Structure formats: structure tokens, C-alpha cells
Amino acid sequence: MNWLNHSTPMIVDPRSVDLEDRTYLIPCYSNLSALTKSIQRIGILNSPLVQQLADGRMIPVAGRRRLQSTVALGLDHIHVRLLPEAVPIAEGFALAFWDNAAHRVFDIACTAVVIRRVFELFPRDVAARDFLPILGIALKGPRLERLRAIGGLESSLLEAFSHGRIHEKTAALLCEMEAETRLGLLDLTEKLRLNANKKAEIISWLFDLSVLEATPISELLAREEAKSIIFECDGTVPERAERFRELIRSWKFPELIARENEFRDWVRGQSLLEKMSVQPTTSFEDPGCVIEIRTDSTDEAERIVSAVKQHARPNQ
Amino acid sequence: MKFPIEQVWVDDEVRDEPLTREILRKLPAARILGKNEIEDQCRAMEMDRDPFNRGKRTLRLTKNKGAFVKPCPGTPEYICCGLEILNIGQGCPMDCRYCALQVYFNRPILEVFVNTGDLFSDLERHLINDPRGVHRICTGEFTDSLALDPLTGLAGKLAEFFSRSTNASLEIKTKTDFVDPLLEVDPHGRVVIAFSVNSREITRKDEIRAAPVAKRLAAAARAEKRGYRIAFHFDPIIPVPGWEEAYSSVINEIFTTVDPSSISWISMGVLRFVPALKEIAAARFGRIPYFHDGFIRGLDGKSRLHVDRRINIYKYMIDKIRRRAREARIYLCMESPHVWRECLGISMDSDDDLTSYLDSAILPYTYGL
């Protein structure tokens, strides 16, 4: 049935619509300003669709952002179409889904929210047949379940995910934490101005430590060494961020950090030439080193190679 | 039959194979599915949140269309032992939480290659045609060598085959104690029954449906008595708190049960895994603390503990083994020459070096006879 044919036009105050209601939410984390300007210039071409519930509350079905824009513009009456209360939630959600799917590309955060809702409202085979192909998500493999979990995160985390400030794997890890912990971690890592890669490292290391030591992340962060960096007033933010990262890294990889420090001290003791560097093998997997010498010309390179050959010969 | 098989999928082309008929005879309660039903089941399995639960109760009888004998895939950058794999099937009815196979199979059912006529002719051809001096062949890479043997009876036939071979030995690798049918065969020292062993805590918590350590060791003693060579694989060694005492206890029990002279080799490998395994295991079993230890990316892309820590673990284990068996042939699975030197004082610089080291364990029973 085409439910639009069964909806009725009416005029409402947009402020009377409960825009926080998530029944038919297909989120969009992009800025509203372009849409608001468009409505200011030419008005609303397609009326939003709303539904009035038995308790009198009015909720958005499709056109939530248009409604948000009209509220932002201070409009006190707009044209909407009213969907009968009897329309089942699953039908209303499908309507909202197809309305969105027709004209926008879902970003991954939106996809996660939609997947979660689809699996709440529809049997698995219907979800697989009607929705997942449009969303571009395979039914098999771990990603579906991961996105389904991410879809339940708080708006601030979903927004960070949508804008690429946290990676998908980080978002998935955050799902396994208490709400207070994950919101606190987002807040902390954003205050330290860490990019998505560094957030991913720090959050995954803290999560690993928490599981391995059976200790809540809040307790790890309450350790004196961590607290002193988090609450420190001295030093620039990037400096504090780097020290914080190094601290968590030293908890997670103590042997590696010990070897790195040892190696750094050894290199310092070698008084290397300015154009010279010595690197260990990856993670010190074997005791070898790579010596790098930058030269200004092939002639200089040739002289150095020759000298190295001379030096190496007796050991051959 | 210890492991519950609820469904058997029979491929059309193997319907008349003798082993198909034999297996079906032993599974009167299982549902036998035809082609259409199998397709439905495949779809249902793809939709399942944990396909492994269903897959481990589903047996597919199929034909191996490729080569039966293949070299062990090994791993880049680390020393490989030159083992050859005899593919008798794939998938395992046991469910070890750390099992690497969880990453590799999209449709994690149990598969038995029932075209055993092809298997034996391929094997024979391989041993005749391949100019290599001696072959160490193992059936336990993509499956447990004995888990489905009560259904297939293949291990005994293979033991018979290898008992007559002059240039090859068979390694039967298992976490079961299903050795009794093998006791009817005199292996002439050319068959090694290898038991994967672990600490009791890991066995109890992580090796779901596998035989307890004591039963594996009792099976080792029975096999030893019949003239089988024995091997033990401590792989993966998982250094959870208290691991030292836990592994020492198993080492002591091994040497209380089996004479060191009957042991062909003892291998060791500290837990390493492709990174995806951590999340797959978490999705199936919940978070497992040891996967969250300080793993770093190894040279082969697998997650490995830091080399210093691995060396300490190996040294501890080697010391405990040497106290009970000074001459034990110990080898490290997929480790670097540096780790070999540090732990065993041996220059193991290439795959060929390790191959020779292990081949020497079976030479007295092949050409040497």
C-alpha cells in the first residue's frame, strides 16, 4: 500500500513535533545550514511526514531535518502530511528508509543506526533481502554484527564516527564499554586533539589492558601517572597527547619499550655522524640493525661503500 | 562416536564411494541431505550469527579434486619444518577457542574426502616421483587427524600404508585419545602419533570437546607400547598467570608416562594468530583475556608476543624438558634463527636446516631399516 496516498495534509507548529523521538530515525550527521538556507529562500517543496500517537504526541516519520530547519528558522506553522496512527512502526520505518535511500548516500554511521533498527523491526531474512543490499552490507562475516552494535552508540560518538574522528573498529570497541567510560574516552581523546589513528591506538590499548588485567578503564586512567598528564596545566596539548600515548603504550608493550629505550641509549653512545642513522629490525625480532647514511652525491656514496667493504673484508 | 553429527551432506559424485556407505551406516540417526536441501542449509548457515555451532555438527562427504599431498603453507620470514600435508578433510568437531581455523572457513562444516582410492594413489605417486630423500607427512593441519576416525577408519589404513614405506613417515596429530584402532597395526616405527598438549587450565577452558590431558597421555602410553613413535606439540603455549607451574606439571607427566627414547620430537610455539582471530573468537566466546596481552605485529603479519618474552618462555620450557630428557629433539614452530640460537643454541638459518634436523628423527626407521 502507498501510505502517502493515505496521509492527510495539515498545518502544524514545527515546535510541536517531538524531534528527539527515534522511532523512525534515519540519522544524518551533516550540517543543517545549507538546508536551512534553502528553506529560507524557497520554502519546503515536499511536506514532511509526521504521525500523531495515541497520547497526542506528534513524531517525525520523514523530513526530520526539514522540521529541524524550520524550528531553527523560528517558523511557527508549516505544511506536513499526517500518517494515520494505525500504521505499524515497521511500515513507517520502511517509508522513512525508502524516502532517504532514494535521494542520499548513507554514511557508515547512518548505516549502522539503520541496520540496528532494521534488525529490531524485521525478521533476519527480510532484513537480508530488502535492506542490506541497499546498504551495501554483506549478511555474512563479522561486519554486520559490528555495525549493528555501533548503531546503538550515543549521538556524540556516532557523529564522531560519521565525521571520521573515530574509526569503525574503535567505535566497535567502544560498544563494549559502559556509556560513561566511552563518552569519557571520546571527551579525553578529543581534548588531547588526537587524530582517529591515535585515538584507535590508545582506546584499543586501554581496552586490552582492561580485559587482560580485569580492571575498569576508569581505574587505569585514575593511576597517578595518567592523572598527572590528563589534568596537567603545563605543556602544549600535542606534548601532553604524545606523553599520554607513550604512557599507555608502555603499559601495553613493556618489553618493547624497554628495548627501544635501551637501543636509543646505545645509539646516543655511538656519536653518529649527522647524516647517519641506525634502526633496529621491526620490534627487535632479531638483533640486526639497518644503518642508513645519506650522501650528497654518488661519488660520496662510492667512497663510503668502498670504506665499508674494506672494513667488512676481515670478517668475511 | 564422541562428536554429535546431526546432518550429513552427501555430494552426488561420491554417493557410491565405499567410504560414503560406511560412514552413513555408522550414522543411522543423522539426517542425510540431498543437493537442494544442502543449498537451503548453506543459506541458513550464512544467516547464522555463529555458523560454527551448526557447522561442527554437519558432516559433508565430498571429493578432493586437487592434490592430496601439499607442502605445509608455513609463514613468511620464519623457519618452517618442511612438513607435507596429506589432506584427508577439513574442519574439526572440537572447538578450541584459539583455533586458527576459525578465520579461514566461511562455511565451517566438517568435510571428509571420501575418494580414498585417489588419496592412496596420489600418495603412492608422490612418494615414488618425488626425488626427496625422506618425507614427513602429516594429516593434522586442517583437521584433527583422529577426531573423525571412528567414522572413517582411515588412520589405520594410512598406518598400514606407511608401515611399508621406506622413504616416508606419517605424523598423526590429535587432541583426542582415539588411538585404539591403530593398535592393530605394527607401524615399524614409521608412524608418529603426536599429541597436542597444553596446560590443564587451557585444556579445560579452551579446548572444548577435546580429551583431557590425562587421557591423551594414557593414549600415548598405549601407542608407545605398540611400537608407535610419539611426539608432543606444545602449541600454542599461552602464558596466562601461573603458566610456568602449569606447563611444568604437564611436562613432568609426559615423562612419567612415556619413555623419552620413544619420543621423536617435541615442538613448541607461543600463541600467535592472524589479527582477525581476536575479534572472531570474542564474537563467539566473549572476550578471552590472553588475546589482549601485549601482542605486536610479527614479520609475517601475525600477532606475536615480543621476541624477548617468547625467548624467556621457550627457555623455561626447554629447561624443564631437558631435565627429564637431555637428548629430546625439541623444535620451535615458525620462529626466527635468532630465537633458535637464543633458546636452543642451534644455528637454524633456513627451512632446509630444520627439515634435516627433523628428518634425522625418522631416518633410522625408513632407509635405515
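**Note on the chain B sheet and its helices**

1. Helix 5 (residues 116-129) of chain B lies across strand 4, strand 5, strand 9 and strand 10 (168-174) of chain B. Helix 5 runs at about 50 degrees to strand 4 of chain B. Contact means C-beta atoms, placed from the backbone, within 7 Å. Angles run from 0 to 180 degrees between N-to-C directions, with axes fitted to C-alpha atoms, for helices over the stretch in contact. Helices (H or I, at least four residues) and strands (E, at least two) are DSSP runs, numbered from the N terminus.

2. Helix 14 (residues 351-362) of chain B also packs on the sheet. It touches strand 9, strand 10, strand 14 (263-270) and strand 18 of chain B. Its direction makes about 145 degrees with that of strand 14 of chain B.

3. This is a predicted model: local features need pLDDT of at least 70, side-chain atom pairs pLDDT 80 or more, while totals for chains, interfaces and linings use all residues. Residues are numbered from 1 along each chain as its sequence is written, with chains lettered from A and ligands numbered from 1 in the order in which they are written.

4. The sheet is open, with eight strands in the order 4-5-9-10-11-13-14-18 (chain B) and mixed pairing. Pairing requires at least two DSSP bridges. Strand 4 (69-71) and strand 18 (330-332) of chain B each have a single partner strand, so one side of each lacks a neighbour in the sheet.

5. Strand 5 (residues 84-86) and strand 9 (residues 135-138) of chain B run parallel, joined by two bridges. Ile85(B) has Cys138(B) as its bridge partner in strand 9 of chain B.

Terms used:
Two residues are in contact if their C-beta atoms, placed from the backbone, lie within 7 Å.
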